[in-house]
Amino acid sequence: MSRPIIHVGFDQGTPEWHALKAGKWSGSKAAVIMGGLDTSGLASLIKDIAWERVYGATEGGFKSSAMERGNELEPESREWYAFTRGVEVEQVAFVEHATVPHTGWSPDGLVGPDGG
């Protein structure tokens, strides 16, 4: 059984992270992907992914105040989870699917040998 490719050594939101995610289907866009083939959101996402595959990463994009707050609290939340559960949380930048090309996700952290 193939294992996912786990990228570490740099943080989410950095230029390296944007470059790695460029042109890939990601978990953060799952709602758009599942919205259906006839949606304008999916059509726009397909264009964005194609653009990134040809021209590279695009940084920025919309970030609400709630998203900014979540990013600020993420390290503290990860520490709290690790402490209260008695586990070690591995911080990772991006995880690529083992068998589905150009697909991945950016978890806040992985726990245990299976990442659960």
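The protein averages a pLDDT of 90, and 97% of the residues score at least 70; pLDDT is the predictor's confidence in each residue, from 0 to 100. This is a predicted model, in which local features need pLDDT of at least 70 and side-chain atom pairs count only at pLDDT 80 or more, while totals for chains, interfaces and linings use all residues. Residues are numbered from 1 along each chain as its sequence is written, and side-chain values use heavy atoms, with hydrogens and water left out.

**Exercise 1.** Determine which residues form the salt bridge, and where they lie.

*Solution.* Step 1: a salt bridge requires a side-chain nitrogen of Lys or Arg within 4 Å of a carboxyl oxygen of Asp or Glu. Step 3: the partners are Glu74 and Arg78, whose closest N and O atoms are 3.2 Å apart. Step 4: both belong to helix α4 (residues 65-85), four residues apart, about one turn of the helix. Helices (H or I, at least four residues) and strands (E, at least two) are DSSP runs, numbered from the N terminus.

**Exercise 2.** Explain why Val111 counts as buried, and list the residues that Val111 touches.

*Solution.* Step 1: buried means under 20% relative accessible area, exposed over 50%, and partly exposed in between (1.4 Å probe, protein chains only). Step 2: Val111 counts as buried because its relative accessibility is 17%. Step 3: Val111 is placed in strand β6 (residues 110-111). Step 4: contact means heavy atoms within 4.5 Å. Not counting residues up to four places away in sequence, Val111 touches Tyr81, Val87, Glu88, Val89 and Gly116.
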